Amino acid sequence: MSSRLLKSLPTSFVKSNGRVFARRAASTQAPPYPGATAPFTQKLEFIKGHEAMPIYSVMDLDGNVTNTKDDPKLDDATLVRSFETMTRLNVIDNILYEAQRQGRISFYMTNYGEEAVQVASCEALDPVDEVFAQ
């Protein structure tokens, strides 16, 4: 994603509940999460025997693609739609989690921190693709 697009996104797309969706640690740093010790890597490969599995990263802290070989070259409209969807998932999670805590629904597992995985998986599908969920 170009840093120009990242800076042009409305604040609601970048932050939600104090979490920042568009930024993360540079590929040479450890993730900025409590207890996380895995380093970032720009090499996508099967590994064996590591203490902590490296976290694959294509972008740096400013949203610039550092590994051009793996750049998906998404247009701005797709990127904005993806951010909107991730934000919507977060809002739905908040509503359903609160409903579960109030006893209005019996069980709910949140999707916090996994929004990009769901959205990116769907972006790879064609409109005619069938998904068989269990």
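This short talk walks through one protein chain, from its overall layout to a few individual residues.

Hi everyone, and thanks for coming. One thing to keep in mind from the start is that this is a predicted model.

Let's begin with the whole chain. How many helices and strands does the protein chain have? The secondary structure comes to four helices and four strands. If you read along the sequence, the order is α-α-β-β-β-β-α-α, so please keep that pattern in mind as we go, because the counting of helices and strands starts at the N terminus. The chain has 134 residues, and buried residues make up 23% of them. Now for the contacts: of those with a separation of 6 or more, 45% are between residues 24 or more positions apart.

Let's move on to helix 3 and helix 4. Helix 3 covers residues 76-101 and helix 4 covers residues 115-123. How do these helices sit against each other? Their axes are 9 Å apart, and the packing angle is about 135°. Helix 3 and helix 4 are therefore oblique to each other. An angle has to be over 145 degrees to count as roughly antiparallel, and this one is about 135°. As for handedness, the crossing of helix 3 and helix 4 is right-handed.

Which residues of helix 3 and helix 4 make the contact? On the helix 3 side we have Thr78, Arg81, Ser82, Thr85, Met86, Leu89 and Asn90. On the helix 4 side we have Glu115, Ala116, Gln118, Val119 and Glu123. I'd like to pick out a few of those for you.

Take Ser82, which lies in helix 3. Is Ser82 buried or exposed? Ser82 counts as buried because its relative accessibility is 10%, and the cut-off for buried is under 20%. Leaving aside its neighbours within four places in sequence, Ser82 is in contact with Val119 and Glu123.

Lys43 counts as exposed because its relative accessibility is 54%, whereas Glu45, at 46%, is partly exposed.

Next, let's visit the loop between strand 4 and helix 3. Asn67 lies in this loop, and Asn67 counts as buried because its relative accessibility is 11%. What lies 2.8 Å from a polar atom of the Asn67 side chain? That would be the backbone oxygen of Gln42. Apart from its neighbours within four places in sequence, Asn67 is in contact with Gln42, Tyr56 and Val58.

Lys73 is found in that loop too. Lys73 has a positive phi of about 55° although it is not a glycine. Is Lys73 buried or exposed? Lys73 counts as exposed, because its relative accessibility is 62%.

My last stop is Tyr97, back in helix 3. Tyr97 is partly exposed, at 32% relative accessibility. Which residues does Tyr97 touch, not counting residues up to four places away in sequence? They are Tyr108, Thr110 and Tyr112. Tyr97 and Tyr108 are 11 residues apart in sequence, and their C-alpha atoms are 6.3 Å apart in space.

To wrap up, here are the points I'd look for when you open the model. After that, look for Asn67, buried in its loop, and Lys73 with its positive phi.

Key. Residues numbered from 1 in each chain as written. Predicted model: local features only at pLDDT ≥ 70, side-chain atom pairs only at ≥ 80, totals over all residues. Heavy atoms only, no water. Buried < 20%, exposed > 50% of the residue type's maximum accessible area, 1.4 Å probe, protein only. Helix = DSSP H or I, 4+ residues; strand = E, 2+ residues; numbered from the N terminus. Contact = heavy atoms within 4.5 Å. Polar contact = N/O pair within 3.5 Å; in protein donor to acceptor, adjacent residues only side chain to side chain. Axes fitted to C-alpha atoms, helices over the stretch in contact; angles between N-to-C directions. Parallel < 35°, antiparallel > 145°, perpendicular 65-115°, else oblique. Left-handed = near helix turned anticlockwise from the far one by under 90°.
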